[in-house]
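The sequence and the model are shown first.

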Amino acid sequence: MGGLTDRYAEHDRAKRALLSAYEALPPGAPVKLAKKTSNLFRFSNGAAPKSPGLDVQAFSEVLSVDPVARTADVQGMVTYEKLVEATLAHGLMPFVVPQLKTITLGGAVAGLGIESTSFRNGLPHESVLEMEIMTGDGRIVTATGDNEHADLFRAFPNSYGTLGYSLRLKIELEPVQPYVELRHLKFDEAEACWAAMAEICAAGEHDGRPVDFIDGTVFGPDEMYLTLARFTDTLPDGTGAVSDYTGMSVYYKSLRERSVDHLTVHDYIWRWDTDWFWCSRAFGVQNPRIRRLWPQRYRRSDVYRKIVAFDRRHQLTARLARWRRQPAQEAVIQDVEVPVAAGPKFMDFFHREIGIEPVWLCPLRLRSGQAWPLYPLEPGELYVNVGFWSTVDLEPGQPDGHHNRLIEEAVTAAGGHKSLYSTVHYDQDEFWRLYNGDKYAAVKAAYDGDRRLPDLYEKCVRMG
(Lines give C-alpha, C1' and ligand atoms only; values in the text may rest on other atoms or scores of the structure.)
Protein backbone atom coordinates (compact mmCIF):
# COMPACT_ATOMS: atom_id res chain seq x y z
CA MET A 1 0.00 0.00 0.00
CA GLY A 2 2.90 2.31 0.78
CA GLY A 3 4.21 2.07 -2.78
CA LEU A 4 0.81 3.05 -4.18
CA THR A 5 0.58 6.00 -1.78
CA ASP A 6 4.08 7.07 -2.75
CA ARG A 7 3.23 7.04 -6.47
CA TYR A 8 0.24 9.31 -5.95
CA ALA A 9 2.24 11.58 -3.64
CA GLU A 10 4.91 11.86 -6.36
CA HIS A 11 2.18 12.64 -8.88
CA ASP A 12 0.90 15.48 -6.70
CA ARG A 13 4.42 16.86 -6.28
CA ALA A 14 4.95 16.70 -10.05
CA LYS A 15 1.73 18.65 -10.62
CA ARG A 16 2.82 21.39 -8.22
CA ALA A 17 6.22 21.60 -9.91
CA LEU A 18 4.59 21.83 -13.35
CA LEU A 19 2.30 24.63 -12.23
CA SER A 20 5.29 26.48 -10.77
CA ALA A 21 7.15 26.12 -14.08
CA TYR A 22 4.10 27.45 -15.95
CA GLU A 23 3.81 30.43 -13.61
CA ALA A 24 7.52 31.19 -14.06
CA LEU A 25 7.08 31.72 -17.80
CA PRO A 26 6.95 35.36 -18.92
CA PRO A 27 3.37 36.67 -19.10
CA GLY A 28 1.79 35.71 -22.41
CA ALA A 29 4.73 33.49 -23.44
CA PRO A 30 3.81 30.47 -25.58
CA VAL A 31 3.51 27.19 -23.70
CA LYS A 32 4.90 23.92 -25.01
CA LEU A 33 6.23 20.64 -23.66
CA ALA A 34 9.87 19.59 -23.51
CA LYS A 35 9.80 16.00 -24.81
CA LYS A 36 12.60 13.72 -25.94
CA THR A 37 10.45 11.50 -28.14
CA SER A 38 7.63 11.93 -30.64
CA ASN A 39 5.57 9.80 -32.98
CA LEU A 40 4.44 12.79 -35.03
CA PHE A 41 5.51 13.10 -38.66
CA ARG A 42 5.23 16.84 -38.88
CA PHE A 43 8.83 17.95 -38.80
CA SER A 44 9.25 21.55 -37.72
CA ASN A 45 9.47 24.23 -40.39
CA GLY A 46 10.83 26.73 -37.89
CA ALA A 47 7.43 28.26 -37.07
CA ALA A 48 7.15 26.60 -33.66
CA PRO A 49 7.63 28.84 -30.60
CA LYS A 50 11.22 29.09 -29.37
CA SER A 51 10.29 29.39 -25.69
CA PRO A 52 11.59 26.76 -23.25
CA GLY A 53 9.29 23.80 -22.82
CA LEU A 54 7.65 22.48 -19.66
CA ASP A 55 9.38 19.35 -18.38
CA VAL A 56 6.86 16.48 -18.17
CA GLN A 57 9.26 13.59 -17.59
CA ALA A 58 7.74 13.09 -14.13
CA PHE A 59 4.42 12.07 -15.73
CA SER A 60 5.50 8.77 -17.27
CA GLU A 61 4.37 6.08 -14.80
CA VAL A 62 1.49 3.67 -14.28
CA LEU A 63 -0.01 4.79 -10.98
CA SER A 64 -2.22 1.78 -10.31
CA VAL A 65 -4.03 -1.15 -11.91
CA ASP A 66 -7.31 -2.36 -10.41
CA PRO A 67 -7.82 -5.94 -11.65
CA VAL A 68 -11.29 -6.18 -10.08
CA ALA A 69 -12.70 -3.00 -11.60
CA ARG A 70 -10.55 -3.59 -14.71
CA THR A 71 -9.19 -0.07 -14.77
CA ALA A 72 -5.77 1.57 -14.78
CA ASP A 73 -4.80 5.00 -13.46
CA VAL A 74 -1.98 6.24 -15.67
CA GLN A 75 0.10 9.36 -16.10
CA GLY A 76 -0.22 11.07 -19.45
CA MET A 77 3.33 10.50 -20.70
CA VAL A 78 3.45 6.77 -19.98
CA THR A 79 4.25 4.72 -23.06
CA TYR A 80 2.00 1.89 -24.16
CA GLU A 81 5.00 -0.41 -23.78
CA LYS A 82 5.11 0.32 -20.05
CA LEU A 83 1.32 0.32 -19.72
CA VAL A 84 0.91 -3.06 -21.43
CA GLU A 85 3.64 -4.57 -19.25
CA ALA A 86 1.76 -3.44 -16.14
CA THR A 87 -1.68 -4.62 -17.28
CA LEU A 88 -0.63 -7.99 -18.75
CA ALA A 89 0.73 -8.87 -15.31
CA HIS A 90 -2.95 -8.88 -14.23
CA GLY A 91 -4.24 -10.69 -17.32
CA LEU A 92 -5.60 -7.44 -18.75
CA MET A 93 -4.88 -5.03 -21.61
CA PRO A 94 -6.15 -1.60 -22.68
CA PHE A 95 -9.19 -1.72 -24.96
CA VAL A 96 -7.08 -0.37 -27.85
CA VAL A 97 -3.27 -0.56 -27.99
CA PRO A 98 -1.76 1.42 -30.88
CA GLN A 99 0.87 -0.51 -32.80
CA LEU A 100 4.04 1.27 -31.68
CA LYS A 101 5.59 0.86 -28.25
CA THR A 102 6.58 4.47 -27.56
CA ILE A 103 3.21 6.02 -28.35
CA THR A 104 2.05 7.54 -25.08
CA LEU A 105 -1.43 7.14 -23.69
CA GLY A 106 -1.86 10.90 -23.52
CA GLY A 107 -0.62 11.21 -27.09
CA ALA A 108 -3.05 8.58 -28.38
CA VAL A 109 -5.95 10.37 -26.70
CA ALA A 110 -4.98 13.92 -27.70
CA GLY A 111 -4.04 12.67 -31.18
CA LEU A 112 -5.70 9.45 -32.27
CA GLY A 113 -4.82 5.79 -32.11
CA ILE A 114 -6.16 2.62 -33.63
CA GLU A 115 -5.55 -1.10 -33.70
CA SER A 116 -7.19 -4.39 -34.57
CA THR A 117 -9.65 -4.25 -31.65
CA SER A 118 -11.08 -0.97 -32.95
CA PHE A 119 -13.93 -2.63 -34.85
CA ARG A 120 -15.41 -3.48 -31.44
CA ASN A 121 -13.66 -1.07 -29.03
CA GLY A 122 -13.47 2.11 -31.09
CA LEU A 123 -10.60 4.54 -30.50
CA PRO A 124 -8.40 4.89 -27.39
CA HIS A 125 -10.21 7.94 -26.00
CA GLU A 126 -13.48 5.98 -25.86
CA SER A 127 -12.19 3.85 -22.97
CA VAL A 128 -11.06 6.87 -20.94
CA LEU A 129 -13.19 7.40 -17.83
CA GLU A 130 -11.59 10.62 -16.62
CA MET A 131 -8.68 12.89 -17.45
CA GLU A 132 -6.64 15.28 -15.36
CA ILE A 133 -5.71 18.06 -17.77
CA MET A 134 -3.43 21.06 -17.46
CA THR A 135 -5.18 23.66 -19.59
CA GLY A 136 -3.63 26.40 -21.65
CA ASP A 137 -4.65 28.99 -19.06
CA GLY A 138 -2.69 27.22 -16.31
CA ARG A 139 -5.40 25.31 -14.46
CA ILE A 140 -5.39 21.60 -13.65
CA VAL A 141 -8.92 20.23 -13.99
CA THR A 142 -10.41 16.73 -13.83
CA ALA A 143 -12.65 16.21 -16.83
CA THR A 144 -15.21 13.45 -17.36
CA GLY A 145 -17.98 12.94 -19.84
CA ASP A 146 -20.63 14.24 -17.45
CA ASN A 147 -19.05 16.86 -15.18
CA GLU A 148 -18.57 20.61 -15.55
CA HIS A 149 -15.60 20.00 -17.88
CA ALA A 150 -17.43 17.60 -20.19
CA ASP A 151 -16.95 19.95 -23.15
CA LEU A 152 -13.17 19.74 -22.68
CA PHE A 153 -13.35 15.97 -22.17
CA ARG A 154 -15.14 15.48 -25.48
CA ALA A 155 -13.10 18.03 -27.45
CA PHE A 156 -9.75 16.74 -26.19
CA PRO A 157 -9.41 13.87 -28.74
CA ASN A 158 -7.73 15.17 -31.90
CA SER A 159 -6.75 18.46 -30.19
CA TYR A 160 -3.01 17.62 -30.28
CA GLY A 161 -2.06 19.52 -27.15
CA THR A 162 -3.73 22.76 -28.27
CA LEU A 163 -6.31 22.75 -25.46
CA GLY A 164 -4.06 21.37 -22.74
CA TYR A 165 -2.01 18.36 -21.68
CA SER A 166 -3.26 15.21 -19.99
CA LEU A 167 -1.40 14.54 -16.73
CA ARG A 168 -3.42 11.53 -15.57
CA LEU A 169 -6.00 9.29 -17.24
CA LYS A 170 -8.21 6.56 -15.85
CA ILE A 171 -8.96 3.95 -18.49
CA GLU A 172 -10.92 0.73 -18.88
CA LEU A 173 -9.17 -2.61 -19.41
CA GLU A 174 -10.30 -5.93 -20.84
CA PRO A 175 -9.22 -9.50 -20.00
CA VAL A 176 -6.81 -11.43 -22.21
CA GLN A 177 -5.79 -15.03 -22.70
CA PRO A 178 -2.16 -16.19 -23.04
CA TYR A 179 -2.16 -16.67 -26.82
CA VAL A 180 -3.65 -15.30 -30.01
CA GLU A 181 -4.54 -17.46 -32.99
CA LEU A 182 -4.27 -15.71 -36.37
CA ARG A 183 -5.87 -16.70 -39.65
CA HIS A 184 -4.85 -14.92 -42.86
CA LEU A 185 -7.51 -14.82 -45.59
CA LYS A 186 -6.30 -13.97 -49.09
CA PHE A 187 -8.32 -11.89 -51.56
CA ASP A 188 -7.54 -10.98 -55.15
CA GLU A 189 -9.92 -8.04 -55.54
CA ALA A 190 -10.89 -5.15 -53.29
CA GLU A 191 -14.68 -5.48 -53.45
CA ALA A 192 -14.59 -8.97 -51.95
CA CYS A 193 -12.04 -7.99 -49.31
CA TRP A 194 -13.96 -4.92 -48.10
CA ALA A 195 -17.30 -6.75 -48.20
CA ALA A 196 -15.81 -9.51 -46.06
CA MET A 197 -14.53 -6.89 -43.58
CA ALA A 198 -18.00 -5.42 -43.27
CA GLU A 199 -19.63 -8.81 -42.78
CA ILE A 200 -17.09 -10.08 -40.23
CA CYS A 201 -17.13 -6.86 -38.21
CA ALA A 202 -20.94 -6.94 -38.08
CA ALA A 203 -21.03 -10.58 -36.98
CA GLY A 204 -17.96 -10.60 -34.72
CA GLU A 205 -17.18 -14.06 -36.04
CA HIS A 206 -16.10 -15.99 -39.13
CA ASP A 207 -16.76 -19.65 -39.94
CA GLY A 208 -18.25 -20.11 -36.49
CA ARG A 209 -15.19 -18.78 -34.65
CA PRO A 210 -15.15 -15.56 -32.66
CA VAL A 211 -13.05 -12.70 -34.01
CA ASP A 212 -11.38 -10.55 -31.34
CA PHE A 213 -9.03 -8.71 -33.71
CA ILE A 214 -9.12 -7.85 -37.40
CA ASP A 215 -6.78 -5.93 -39.70
CA GLY A 216 -5.58 -6.23 -43.26
CA THR A 217 -2.54 -5.84 -45.48
CA VAL A 218 -2.66 -4.82 -49.15
CA PHE A 219 0.34 -5.85 -51.25
CA GLY A 220 -1.24 -4.70 -54.50
CA PRO A 221 -4.58 -4.35 -56.35
CA ASP A 222 -4.85 -8.13 -56.71
CA GLU A 223 -3.22 -9.35 -53.48
CA MET A 224 -4.60 -8.49 -50.06
CA TYR A 225 -5.05 -10.32 -46.77
CA LEU A 226 -7.43 -10.00 -43.86
CA THR A 227 -5.99 -11.24 -40.58
CA LEU A 228 -8.64 -12.53 -38.20
CA ALA A 229 -7.39 -13.26 -34.71
CA ARG A 230 -8.85 -14.56 -31.49
CA PHE A 231 -7.72 -15.14 -27.94
CA THR A 232 -6.96 -18.71 -26.93
CA ASP A 233 -5.55 -20.36 -23.83
CA THR A 234 -4.17 -23.38 -25.69
CA LEU A 235 -1.91 -24.09 -28.64
CA PRO A 236 -2.41 -26.74 -31.34
CA ASP A 237 -1.58 -30.28 -30.18
CA GLY A 238 -0.21 -28.87 -26.95
CA THR A 239 3.12 -28.20 -28.67
CA GLY A 240 3.74 -24.86 -27.03
CA ALA A 241 5.04 -23.57 -30.38
CA VAL A 242 4.50 -19.89 -31.11
CA SER A 243 6.02 -17.72 -33.80
CA ASP A 244 8.65 -15.10 -32.99
CA TYR A 245 8.89 -12.01 -35.20
CA THR A 246 11.41 -10.19 -33.06
CA GLY A 247 14.29 -12.22 -34.49
CA MET A 248 15.10 -13.09 -38.09
CA SER A 249 11.51 -13.53 -39.29
CA VAL A 250 9.47 -10.52 -40.43
CA TYR A 251 5.79 -10.49 -39.46
CA TYR A 252 4.22 -8.97 -42.57
CA LYS A 253 6.05 -11.43 -44.82
CA SER A 254 4.48 -14.31 -42.90
CA LEU A 255 1.03 -13.36 -44.21
CA ARG A 256 2.06 -14.72 -47.60
CA GLU A 257 3.73 -17.80 -46.17
CA ARG A 258 1.14 -19.33 -43.84
CA SER A 259 -2.61 -19.24 -43.37
CA VAL A 260 -2.62 -19.92 -39.61
CA ASP A 261 -0.25 -18.62 -36.96
CA HIS A 262 0.03 -18.35 -33.18
CA LEU A 263 1.64 -15.68 -31.01
CA THR A 264 1.77 -14.90 -27.33
CA VAL A 265 -0.60 -12.08 -26.50
CA HIS A 266 2.42 -9.84 -25.80
CA ASP A 267 3.99 -10.57 -29.18
CA TYR A 268 0.67 -10.15 -30.95
CA ILE A 269 0.21 -6.68 -29.45
CA TRP A 270 3.69 -5.66 -30.64
CA ARG A 271 3.78 -7.69 -33.88
CA TRP A 272 4.18 -4.52 -35.99
CA ASP A 273 6.73 -2.68 -33.86
CA THR A 274 9.86 -4.73 -34.59
CA ASP A 275 9.85 -3.71 -38.24
CA TRP A 276 7.72 -0.56 -37.94
CA PHE A 277 5.21 -2.45 -40.07
CA TRP A 278 7.38 -2.87 -43.21
CA CYS A 279 9.28 0.42 -43.01
CA SER A 280 12.45 -1.19 -41.60
CA ARG A 281 13.23 -2.33 -45.13
CA ALA A 282 14.24 1.27 -45.93
CA PHE A 283 17.19 0.82 -43.53
CA GLY A 284 18.11 -2.64 -44.86
CA VAL A 285 17.01 -4.31 -41.62
CA GLN A 286 15.00 -6.96 -43.50
CA ASN A 287 18.15 -8.06 -45.37
CA PRO A 288 19.21 -11.23 -43.46
CA ARG A 289 22.89 -10.23 -43.41
CA ILE A 290 22.17 -6.78 -42.00
CA ARG A 291 19.49 -8.12 -39.65
CA ARG A 292 21.98 -10.48 -37.99
CA LEU A 293 24.30 -7.55 -37.29
CA TRP A 294 21.59 -5.08 -36.24
CA PRO A 295 21.17 -5.59 -32.46
CA GLN A 296 17.74 -6.93 -31.59
CA ARG A 297 17.20 -4.22 -28.96
CA TYR A 298 17.45 -1.63 -31.75
CA ARG A 299 14.85 -3.31 -33.97
CA ARG A 300 12.15 -0.94 -32.77
CA SER A 301 9.95 1.71 -34.27
CA ASP A 302 11.37 4.51 -32.12
CA VAL A 303 14.91 3.79 -33.33
CA TYR A 304 13.83 3.95 -36.98
CA ARG A 305 11.87 7.13 -36.33
CA LYS A 306 14.96 8.80 -34.83
CA ILE A 307 16.94 7.85 -37.93
CA VAL A 308 14.26 9.43 -40.13
CA ALA A 309 14.23 12.58 -37.98
CA PHE A 310 18.02 12.86 -38.23
CA ASP A 311 17.82 12.44 -42.01
CA ARG A 312 15.09 15.07 -42.32
CA ARG A 313 17.00 17.49 -40.12
CA HIS A 314 20.19 17.23 -42.19
CA GLN A 315 18.58 16.51 -45.59
CA LEU A 316 20.98 13.62 -46.20
CA THR A 317 18.73 11.55 -48.46
CA ALA A 318 17.55 14.62 -50.38
CA ARG A 319 21.13 15.77 -50.98
CA LEU A 320 22.18 12.32 -52.14
CA ALA A 321 19.21 12.15 -54.53
CA ARG A 322 20.10 15.53 -56.02
CA TRP A 323 23.72 14.45 -56.45
CA ARG A 324 22.52 11.30 -58.24
CA ARG A 325 20.07 13.40 -60.28
CA GLN A 326 17.16 11.30 -59.06
CA PRO A 327 13.58 12.64 -59.03
CA ALA A 328 12.57 14.69 -56.01
CA GLN A 329 10.44 12.69 -53.60
CA GLU A 330 7.43 13.59 -51.51
CA ALA A 331 6.90 11.94 -48.12
CA VAL A 332 3.41 10.42 -48.07
CA ILE A 333 2.90 9.32 -44.49
CA GLN A 334 -0.78 9.26 -43.61
CA ASP A 335 -3.59 7.40 -41.89
CA VAL A 336 -7.08 8.08 -43.17
CA GLU A 337 -10.53 6.75 -42.30
CA VAL A 338 -12.99 6.01 -45.10
CA PRO A 339 -16.48 4.45 -44.84
CA VAL A 340 -16.32 0.76 -45.65
CA ALA A 341 -18.67 1.15 -48.63
CA ALA A 342 -16.33 3.72 -50.20
CA GLY A 343 -13.21 1.62 -49.69
CA PRO A 344 -12.84 -0.16 -53.04
CA LYS A 345 -13.21 3.10 -54.98
CA PHE A 346 -10.69 4.83 -52.72
CA MET A 347 -8.20 1.97 -53.14
CA ASP A 348 -8.60 2.11 -56.92
CA PHE A 349 -7.69 5.80 -56.78
CA PHE A 350 -4.81 5.08 -54.43
CA HIS A 351 -3.22 2.36 -56.55
CA ARG A 352 -3.60 4.47 -59.69
CA GLU A 353 -2.41 7.85 -58.39
CA ILE A 354 -0.14 7.08 -55.42
CA GLY A 355 1.15 3.53 -55.83
CA ILE A 356 2.57 2.88 -52.34
CA GLU A 357 2.66 -0.78 -51.28
CA PRO A 358 2.02 -2.39 -48.85
CA VAL A 359 -0.92 -0.59 -47.25
CA TRP A 360 -2.46 -1.33 -43.86
CA LEU A 361 -6.21 -1.68 -43.30
CA CYS A 362 -7.90 -1.49 -39.90
CA PRO A 363 -11.68 -1.35 -39.46
CA LEU A 364 -13.20 0.74 -36.67
CA ARG A 365 -16.57 1.69 -35.32
CA LEU A 366 -17.20 4.15 -32.50
CA ARG A 367 -18.20 2.47 -29.24
CA SER A 368 -20.41 5.34 -28.18
CA GLY A 369 -23.57 6.60 -29.81
CA GLN A 370 -22.26 10.15 -29.78
CA ALA A 371 -19.72 11.69 -32.16
CA TRP A 372 -16.52 13.27 -30.85
CA PRO A 373 -16.49 16.91 -31.97
CA LEU A 374 -13.00 17.32 -33.44
CA TYR A 375 -12.98 13.99 -35.31
CA PRO A 376 -16.64 13.67 -36.26
CA LEU A 377 -17.01 10.06 -37.38
CA GLU A 378 -20.64 8.94 -37.62
CA PRO A 379 -21.76 6.67 -34.74
CA GLY A 380 -22.77 3.23 -35.98
CA GLU A 381 -20.84 3.63 -39.25
CA LEU A 382 -18.04 1.17 -40.00
CA TYR A 383 -14.91 2.95 -41.22
CA VAL A 384 -11.62 1.48 -42.34
CA ASN A 385 -8.32 3.10 -41.48
CA VAL A 386 -5.98 3.04 -44.48
CA GLY A 387 -2.36 3.55 -43.48
CA PHE A 388 0.50 4.21 -45.94
CA TRP A 389 3.97 5.38 -45.07
CA SER A 390 6.55 5.90 -47.80
CA THR A 391 7.71 8.36 -50.47
CA VAL A 392 6.48 9.02 -54.01
CA ASP A 393 8.47 10.46 -56.92
CA LEU A 394 7.45 13.96 -57.97
CA GLU A 395 7.05 14.58 -61.68
CA PRO A 396 8.60 17.77 -63.11
CA GLY A 397 6.44 20.72 -62.13
CA GLN A 398 4.65 18.94 -59.29
CA PRO A 399 5.04 20.78 -55.96
CA ASP A 400 5.90 19.02 -52.73
CA GLY A 401 2.54 18.07 -51.23
CA HIS A 402 0.95 17.22 -54.59
CA HIS A 403 0.15 13.60 -53.70
CA ASN A 404 -0.86 14.37 -50.13
CA ARG A 405 -3.33 16.94 -51.42
CA LEU A 406 -4.79 14.42 -53.88
CA ILE A 407 -5.32 12.05 -50.95
CA GLU A 408 -7.00 14.73 -48.84
CA GLU A 409 -9.43 15.49 -51.65
CA ALA A 410 -10.19 11.80 -52.21
CA VAL A 411 -10.78 11.19 -48.49
CA THR A 412 -13.18 14.12 -48.25
CA ALA A 413 -15.03 12.95 -51.38
CA ALA A 414 -15.37 9.50 -49.78
CA GLY A 415 -16.93 10.96 -46.62
CA GLY A 416 -13.88 10.17 -44.51
CA HIS A 417 -11.34 11.96 -42.33
CA LYS A 418 -7.57 11.94 -41.97
CA SER A 419 -5.48 11.91 -38.83
CA LEU A 420 -3.39 15.01 -38.17
CA TYR A 421 -0.15 13.43 -36.93
CA SER A 422 1.53 14.03 -40.29
CA THR A 423 1.59 16.75 -42.94
CA VAL A 424 -1.67 18.63 -43.54
CA HIS A 425 -2.41 20.66 -46.68
CA TYR A 426 -5.99 21.93 -46.22
CA ASP A 427 -6.60 25.66 -46.46
CA GLN A 428 -7.92 27.24 -43.28
CA ASP A 429 -11.62 27.33 -44.21
CA GLU A 430 -11.65 23.69 -45.32
CA PHE A 431 -9.71 22.58 -42.25
CA TRP A 432 -12.14 24.16 -39.79
CA ARG A 433 -15.13 22.85 -41.73
CA LEU A 434 -13.79 19.30 -41.53
CA TYR A 435 -12.66 19.46 -37.90
CA ASN A 436 -15.58 21.37 -36.34
CA GLY A 437 -13.99 24.77 -35.98
CA ASP A 438 -16.99 26.35 -34.20
CA LYS A 439 -16.93 23.78 -31.40
CA TYR A 440 -13.17 23.99 -31.14
CA ALA A 441 -13.25 27.79 -30.86
CA ALA A 442 -15.73 27.66 -27.98
CA VAL A 443 -13.64 25.18 -25.96
CA LYS A 444 -10.43 27.03 -26.82
CA ALA A 445 -11.89 30.27 -25.46
CA ALA A 446 -12.99 28.56 -22.26
CA TYR A 447 -9.67 26.86 -21.45
CA ASP A 448 -7.01 28.89 -23.26
CA GLY A 449 -8.51 32.33 -23.65
CA ASP A 450 -5.11 34.04 -23.93
CA ARG A 451 -3.99 31.51 -26.55
CA ARG A 452 -0.86 30.46 -24.74
CA LEU A 453 -1.05 27.26 -26.78
CA PRO A 454 -1.20 27.30 -30.61
CA ASP A 455 -4.57 26.58 -32.17
CA LEU A 456 -5.16 23.34 -34.01
CA TYR A 457 -4.72 24.75 -37.52
CA GLU A 458 -1.60 26.65 -36.53
CA LYS A 459 -0.02 23.57 -34.98
CA CYS A 460 -0.97 21.02 -37.64
CA VAL A 461 -0.52 23.12 -40.78
CA ARG A 462 1.56 26.25 -40.23
CA MET A 463 4.08 24.69 -37.85
CA GLY A 464 4.27 21.40 -39.75
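Which residue in S14 is the bridge partner of Leu 182? In this predicted model, the partner of Leu 182 in S14 is Asp 261.

**Strand pairing**

Strand S9 (residues 179–187) pairs with strand S14 (residues 260–264) in the antiparallel sense, over five bridges. S9 also pairs with strand S13 (residues 223–232), again in the antiparallel sense and over nine bridges.

S6 pairs with S8 in the antiparallel sense over seven bridges, and Ile 133 stands opposite Ser 166 in S8. S6 is also joined by four bridges to strand S7 (residues 140–143), and the two run antiparallel. In this pairing Met 134 stands opposite Ile 140 in S7. S6 and S7 form a hairpin with four residues between them, and Gly 138 in the turn has a positive phi of about 90°.

Helix H6 spans residues 190–203; its 14 residues reach 20 Å from the first C-alpha to the last, close to the 20 Å expected at 1.5 Å a residue. The buried residues of H6 are Ala 190, Cys 193, Trp 194, Ala 196, Met 197, Ile 200 and Cys 201. Seen down the helix axis, the buried residues of H6 fall within an arc of 155°, so they line one face of the helix. An α-helix has 3.6 residues a turn, so residues three or four places apart point the same way. The face of H6 turned away from the buried side carries the exposed residues Glu 199 and Ala 202.

Both ends of H6 show local features. At its start, a side-chain oxygen of Glu 189 reaches to within 3.1 Å of the backbone nitrogen of Glu 191. After the helix comes Gly 204, with a positive phi near 70°.

Helix H10 (residues 301–314) has 14 residues and reaches 20 Å between its first and last C-alpha, close to the 20 Å expected at 1.5 Å a residue. The buried residues in H10 are Ser 301, Asp 302, Val 303, Tyr 304, Arg 305, Val 308, Ala 309 and Asp 311. H10 is followed by Gln 315, which has a positive phi near 55°.

**Backbone features in loops**

Most residues other than glycine have a negative phi, and most peptide bonds are trans.

| Residue | Phi | Relative accessible area | Loop |
|---|---|---|---|
| Asn 436 | about 60° | 29% (partly exposed) | between helix H14 (428–434) and helix H15 (437–447) |

A cis peptide bond runs from Glu 357 to Pro 358, with omega near -5°. Pro 358 is found in the loop between helix H12 (343–353) and strand S16 (359–364).

Conventions:
Residues numbered from 1 in each chain as written. Predicted model: local features only at pLDDT ≥ 70, side-chain atom pairs only at ≥ 80, totals over all residues. Heavy atoms only, no water. Expected span 1.5 Å × (residues − 1). Buried < 20%, exposed > 50% of the residue type's maximum accessible area, 1.4 Å probe, protein only. Arc of directions from axis to C-beta. Polar contact = N/O pair within 3.5 Å; in protein donor to acceptor, adjacent residues only side chain to side chain. Pairing = 2+ DSSP bridges.
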